Amino acid sequence: MKGHFPCPRFASVSSVAALLWIATAAAHGQTSDQQKLLQQIKAADAEKLSLSEEDGRFLRVMIVSSNAKRVLEIGGANGYSAIWMGLALRQTGGRLVSIEYDPTRARIAADNVRKAALSDIVTVVPGDAFEAVPKLQGEFDFVFLDAWKRDYKRFLDLLLPRMRARGLFLAHNVVNKQAEMREFLSAIHSSPELWTTIVRPSDEGMSVSLKVR
């Protein structure tokens, strides 16, 4: 497995490059306070739980370009990725539920979301996502998975039936930690319900899967 799985049905190299170019410009939609907060979160992230700035920008572009309204994050950590997605949802009129297992990190994430003035858009839920997700109502337009890597396949099985047709399922660390999620990677490439490609806004890599039916 090389880390890149081409899928011409979903995205060409040129189209991914175009998205990344747009993502570079996405930072201009933040206030100066939000930019400073994102920098502060990264600086304080001693455990390196936050995704990269490039990945954050990519998430924002994917949400806006797909006009997602109901977004779910599994593995919110300190709220860095939730802020990027919240900025996107400010434009689409949508909402994000971000689930974080660790109660201390969940409190930090909720505080960071409040500081970013996104509490009306982002709801941080502490606890086990396998217990929390069944309590949520309705379907999702967009799911971002960045939790325990060996649980990725279980989360896919749980969430795919809850996604609407043409919804997007993104997962983080699919390049640098692919050895920990072989079953998940096999599933997203073999499922008849999904069109999948792997992109690398940063070295960690993200899978992008479109639910086609």
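Guide: Helices are DSSP runs of H or I with at least four residues, strands are runs of E with at least two, and both are numbered from the N terminus. By that naming, Arg150 lies in the loop between β4 (140-145) and α7 (152-159). The model is predicted, so local features need pLDDT of at least 70 and side-chain atom pairs count only at pLDDT 80 or more, while totals for chains, interfaces and linings use all residues. Residues are numbered from 1 along each chain as its sequence is written, and side-chain values use heavy atoms, with hydrogens and water left out.

Visitor: Does Arg150 count as buried or exposed, and what makes it so?

Guide: Arg150 has a relative accessibility of 54% and therefore counts as exposed, since the word is used for values over 50%, with buried meaning under 20% and partly exposed lying in between (1.4 Å probe, protein chains only). Arg150 and Phe184 are 34 residues apart in sequence, and their C-alpha atoms are 8.5 Å apart in space.

Visitor: How many residues of α4 are buried, and what follows from that for the helix?

Guide: Of the 13 residues of α4, 11 are buried, so the helix is largely enclosed by the rest of the structure. The buried residues are Tyr80, Ser81, Ala82, Ile83, Trp84, Met85, Gly86, Leu87, Ala88, Leu89 and Thr92. Just after α4, Gly93 takes a positive phi of about 80°.

Visitor: What span should helix α4 have, and how far apart are its end C-alpha atoms?

Guide: The expected span is 1.5 Å times one less than the number of residues. For the 13 residues of α4 (residues 80-92) the span should be 18 Å, and the end C-alpha atoms are 19 Å apart, which agrees.

Visitor: Why are β3 and β6 said to stand at the edges of the sheet?

Guide: Seven strands form an open sheet with mixed pairing, in the order β3-β2-β1-β4-β5-β7-β6. Here β3 (122-126) and β6 (194-199) each have a single partner strand, so one side of each is left without a neighbour in the sheet.

Visitor: How do you know that β6 and β7 pair, and in which sense?

Guide: Two strands pair if DSSP finds at least two bridges between them. Strand β7 (residues 206-211) and β6 have six bridges, in the antiparallel sense, and Ile198 stands opposite Ser207 in β7.

Visitor: What volume does the largest pocket have, and which residues lie closest to its centre?

Guide: A pocket is an open set of points on a 1 Å grid over the protein atoms alone, with protein on both sides within 12 Å along at least five of seven lines, and its lining residues have an atom within 4 Å of a point. The largest pocket holds about 600 Å³ of space. It is lined by 27 residues, and closest to its centre are Gly75, Asp146, Ala147, Trp148 and Lys149. The elements giving two or more residues to this lining are β2 (95-100) and α6 (129-132).

Visitor: Which element gives the most to the lining of the second largest pocket?

Guide: The element is α5, with five residues. Both α2 (32-43) and α5 (103-115) supply at least two residues of that lining. The second largest pocket has a volume of about 210 Å³, and of its 14 lining residues, Ile41, Ala44, Asp45, Asn78 and Ile108 lie nearest the centre.

Technical notes: 1 Å grid on protein atoms, 1.4 Å probe; cavity = no way out; pocket = protein on both sides within 12 Å on 5 of 7 lines; lining within 4 Å. Points joined across faces, edges and corners; volume = space filled by probe spheres on them.
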